[in-house]
Structures are given as structure tokens and as C-alpha cells.
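Visitor: I'd like to learn how to read a protein model feature by feature. Can you walk me through one?

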Amino acid sequence: MRDDLNFKLTAIELWDVRLYGLGAEVILMIMAIIGVGWVIKVQLGLLVVLVLAIFSIMIGSFLFTTPDTGFVGWGNNQFTTNFGSGYTDGESFFSVFAVFFPAVTGILAGVNISGDLKDPATNIPTGTLSAIGVSTVGYIVLAFFAGISVEREVSPGRGGLINDFLIFREVSLWGPLILIGIFAATLSSALASLVGAPRIFQAVCKDKLFPKPFKVFAAGRGALDEPIRGYFLTFVIASLCVLIGDLNLIAPIISMFFMITYALINFACFAASMVETPGWRPRFSFYNPWVSLLGAALCIAAMFLISWWNALIAIIVGGLLYLYIWKKKPDVSWGPAGDAFLTSQTIQNLYSLRKKKSHVKNYRPHYLIMTGPIKEHVELMEFSRFLTKGKGLNLFINVTLGDYSDDKKKFLKERGDGYLASKSIKGFRDVVVAPSFRAGALSAMQNGGLGSLRPNALVLGWKYNWRKASKQERDEYADVVRDAFGLNMSVIIPKVKEMDFTVKQKKGRIDVWWLIADGGFTVFVPYLMAQKKWFAGSKLRVIIVPNDSAQISKELLSMTLLLKKMRIDCEVEPVSVDASREQDAKMRAYIKKKKLKFDPKQKERTIRYWRLSQLLQEHSSDASMVFCTIPFPRATIPSRTWLGWISMLSEQLPPIVFLRGNQEN
């Protein structure tokens, strides 16, 4: 075309292509900046030119011929000759398809400017389907008239469809109209991309999908929010492509990204249909999800058939973008098909779990954590992070005292997992409004979870103010622990306020004080925590405390067998409790000094727990963390006495966790 029109800017053809391309870009850029309304009017003018060029070819094919160029007209049996394929060396259907494919990508131009349409729900499907229909008919008509009236080549290397890229000038009524039509088609596609791509990029920048430096591209200008900055970015990227100067090199790469986009759109439609999302209701009468899946598969297959390495690059780039967005978890209201699929799959998995019988080998603690006002018990939140490390269920409950009808607004305000997400704590948070703490905790224990995913262990915050608390508060605290055991739940009460969970612990030792057989829970939880990176290198030691010195050998053997069955490798050390009269006198002096009050009827147990507290300090004061079986809060034992016991056991020790299983293996 450069030689025919004598439009030579330099002596080198490649540089002329680059300069003409950059010049056209500048003109298109000015059109885009003027506004999308004016762009649409220009597009309509270009469409008129294209239609005239097509009709010029159709009419011209009947009126005359130029055999020297390969245009032989109708009646030469040319259709039969050209009907089969005839690729030159190194070319195939898919190499030609890769170059041709970008010519049909304009069908989504309406989607790209959906924000500027009056009625997108109607305009987009109507416009897209019309574009597909008109484009398909137009390309078939041109292919038919070319194949029926033009030879493949006049002689090897000269003329015809293979060698003359502008052969339609010979077929047309007026040759220059074809050149004008080519310009119109090229400018129309370029203009649609220049106007559409920045709008999509602006939209994703507004959704904060990309890092902060890209936020500048979210800004727009004027009432239509024109993405001016996006125009300039697109101009720079397009200029780099123009400087390559070879359309046949660029087209296959463009085809890859268009096809992976179409594949994802098709698959998203299929996925939304498969999970039967109520909000997914296509209005297209002939829609079929299996056609969508077929379309996605054909796109991926075509990518690899065109160029497997280009296909891999496109898939890797798309995959990295997906992983980035998935990890970033932007706060957007797209309603992605992936979320719907995840919801459907989760429900089906819950139904499947309902049919499965639980087995000791698959046992996993799921925790109901009574946090109170969440920001007032940060240590409990951090401790919960290490209980499961996201591998089990954590359900955080705050019991708000009052009446639901009176505190509805407060209830709705405090619900949600925003705080947990901000601290990267995996779990679910909810609020229970109840007339008392016990009533709220009991409601949470009975109704928490779903199906087989129900909490099987209760985690209570340490009662630091137990001495100053009212009798009702102390009684409710003990009652909640007793209720948990009554519902076959295990109980954990951590005293870890002084523990810094942000600093990795040095290699040390975790001591487990086994006071009573509880099915193995007292050993199992510390073992799980010892596996965390935070405790990496720490050793686990189990200390057994038989009721009678004569039972030491028996208790030691029993614990060894239990640990072997649980496949826990750790040291076991027996310790005996000396509850002599001398210890009784020392305990009395301690109680008097601390101004403690214990039930006289529980004197023997009080002596035993006081002696245990001395042993804990003697053997575990140098441990990194201590776990100890919690005394059972029997209804016959005053709550003040029970709280005094566990308080006494925890004194002058590293962070300690009291726990007890539900007596099940």
C-alpha cells in the first residue's frame, strides 16, 4: 500500500509502518479524549464505509475481470478449485486462525463500555449477538466472493489470493474504496480497544485489585468518568506493539489472551449453572451450560494448537493474576461463580460428613471460644490461633447480657468476622444475646456449628477477678464448665495474658500434668501445639501424679501404652503427692497469708491441690508452657473453692493452660 500510494516517509518500509501507526494512534487518542459519545458517532461513520466497500466487492465481482492479477470472475469453476485447503509451507489452519482471530474480538466492544450504556442488561446481549451475526455473515460473504472469483495465484509467487493482500481492489467497483475500507476497519477496531480497555482497567483499579501505585488510574474526568490516565497508558502499550512493526507476529499473542478470556467467561457461565445459583438466570432462550463448557474447552484447545508455548505463557499469566486476587481477597460485590461453587461444595461435604461415623483416627478438636468483648481478650484470640492453626473449627462467641428485642442493633453491629480477618485469625465470630452468661454460653454450646462441624471443646477466658466477683458470677463460671462436660465437650481454660505470641519461643520444654484419665485430650492438645513452628524444637514431657505411691508403676505403664497408641513420643515422669500433717500446716499458713476461703468439707482435696501447686512450681517453673488437668467443678463444691484451687495451681508458673477431656477416647 505504501508503494502503491507513494506515501514514503523514509527509505525503509518498516519505519514507515511504525510512523504511520504512531500517527494513527495520536489521532485515535484525540478522538478518545474528546469523549465516548463522539467515538460512537465516528464508529457509525466507519461502519457505513465498511458496508459500501463490501457491496463494492460483491457488485464488482459480476461486472469485469483482470486475469493478470488473478481476478477471473464467475463461471471459471474457481469455486471448486478453491474449496479445499492449500496452505503454503510452514502454515496450517491454526496459524491462519491465530492471525484472523483478533478480527472477531470486537464483538465485546459493547461490554467494555457497559458503564456508558442506558440499559446494559438489554443493550449488551442484543448488541453482542447482533455483532456476532453481522460479523459472521460479512466474513462468510467476503470469503465466498473471493473463493468463487479469484485464483489462489497467477503463477508461483505472483498475484492471486496468496500473494496479493490487496486483491479486493481488483474486484471492487472502485479500488480506492477498498483502501478506505481497510483503514475504516482498522481504525474502528483500534478505536474500540482504545476506548474499551482503559474502562475495564479503571474499573478494576476502583475495586483496588492491583497495588496502590495503580490507584491513580481509578480516577476519571467529567460526568462520564472518562479514564484519561488509562488512555495514556493504553497509548504507551499500543505504541510498543506498533514499534514491532509486524502484525503477523503480534496477532497470535493477542489471540491467546482473548481466547483465555473467552474460555474463562464460558467456564464461569457453566460453573454458575452447575451450582444452580439463584441469582444466575440467563435470559437467552437457547442458553445451555454444556455449550458454555464446550466453548471453554475449544478455546483452550485452540490455544495449544496455535502455539503451545504462547498458550502456556497466557495461562501462567492468567493463573498468577488469579492467585494474586485470590490472596488479596478484595472487598468487592461481584458475586463470583467460584464463591457459589464453594458454597455448594461445602453444603454437599457437610451432607457427606453426616453419613460418616466419627473415628478416633480422624478426631480433630473444634473449639467454641467464649471471648467476651473481642478487643478486651486479645490474648485469648492469639492463643486460639495456635490451637488449630486454621486446621479446625474456631467459633468465637461473645455473650451480651440483655434482651434481644432491646439490643437488636448492638447484636447486628457486633456480628461478623472483620476483626478476625484483620488479625489473620481463622474462625467465625458471633454474638449471643441472653439474660445471663450461663444461658448464652449454653445456647452457643447447644447450637454452635453445623452438622458434623460442631465444637467439641469449650475455651473459657481466665477468671482474673474471681475474688472480687459476685457469688453469682463465680457460680455461673463454674456452671458453664460443668454444662460443657454434661454436653460431652472438653474444656480449656488458658492463663496466658503475659505470653507474647508475636515472638517465636526459644527451644524449651512443654510440661503436661496428667492428674486423671480423660481419654487423652490433656496430652493431645499440647502435642498439637508442640508441632507448631512457634514451639519448634520444644520437647514434650508428661508428668503423672498417682493417688497412691504404690500405683506409680501401674500408672506409668498405662500412660506409656496410651502415648504409644496415640503415636506421641515424649518423656514420662511420675511424681507422688505427699499430703502429710506437715503439709497441712504449711497449707494453713499459705491460706492465711493469701486470705483465701475454702470449704472445710473439701479439706483433703484442698491439701492435695496445694501440694500439687508446690510440685508444679518445683518441676515446671523453668518450662516454656504448662498444661494441667483441670479439677472437676462438682455441684457440691462451692465455686469459690474450685476457683481457689485452680488459682493456687497456677501461681508462680510460666503460662499455664488448664484442660480436661470428656472421658471419650
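Guide: Let's begin with strand pairing. This is a predicted model, and in it β1 and β4 run parallel, joined by four bridges.

Visitor: Which residue of β4 is the bridge partner of Leu368?

Guide: Leu458 is the partner of Leu368 there. β1 also pairs with β2 (residues 394–401), again in the parallel sense and over four bridges. On that side, look at Met370, whose bridge partner in β2 is Ile397.

Visitor: Which way do the side chains of β1 point?

Guide: The general idea is that side chains in a regular strand alternate between the two faces of the sheet. Here β1 covers residues 367–370, with Tyr367 and Ile369 pointing one way and Leu368 and Met370 the other. All of them are buried.

Visitor: What does Leu368 touch, leaving out residues up to four places away in sequence?

Guide: Its contacts include Leu395 and Ile397, and also Ala444, Met445, Pro455, Ala457, Leu458, Val459 and Met489. As a general idea, nonpolar side chains in soluble globular proteins tend to be buried together. In this model the largest nonpolar core has 49 residues, and Leu368, Leu458, Ile493, Trp642 and Phe658 touch the most other members. There is also a second, separate core of 37 residues, with Met381, Phe386, Leu420 and Met499 among them.

Visitor: Now a helix. How many residues does α20 have, and how far does it reach?

Guide: One way to read a helix is to set its reach against the span expected at 1.5 Å a residue. Helix α20 (residues 471–486) has 16 residues and reaches 22 Å from its first C-alpha to its last, close to the expected 22 Å. Just after α20, Asn488 takes a positive phi of about 60°.

Visitor: Which residues of α20 are buried, and what covers them?

Guide: The buried ones are Arg474, Glu476, Tyr477, Ala478, Asp479, Val480, Val481, Asp483, Ala484 and Phe485. Their cover includes the helices α19 (437–447) and α25 (639–650), along with the strands β4 (457–460), β5 (490–495) and β10 (656–660).

Visitor: Let's zoom out. How many helices and strands does the protein have?

Guide: There are 25 helices and ten strands. Of the 665 residues, 41% are buried. Among contacts between residues at least 6 apart in sequence, 75% join residues at least 24 apart. The accessible surface comes to about 38000 Å², and 62% of that belongs to carbon and sulfur atoms.

Notes:
Residues are numbered from 1 along each chain as its sequence is written. This is a predicted model: local features need pLDDT of at least 70, side-chain atom pairs count only at pLDDT 80 or more; totals for chains, interfaces and linings use all residues. Side-chain values use heavy atoms; hydrogens and water are left out. Helices (H or I, at least four residues) and strands (E, at least two) are DSSP runs, numbered from the N terminus. The expected span of a helix is 1.5 Å times one less than its number of residues. Buried means under 20% relative accessible area, exposed over 50%, partly exposed in between (1.4 Å probe, protein chains only). Contact means heavy atoms within 4.5 Å. Accessible areas come from the Shrake-Rupley method with a 1.4 Å probe; for residues, only the protein chains shown count as cover. Two strands pair if DSSP finds at least two bridges between them. A nonpolar core is a set of buried Ala, Val, Leu, Ile, Met, Phe, Trp, Tyr and Cys residues joined through side-chain atoms within 4.5 Å.
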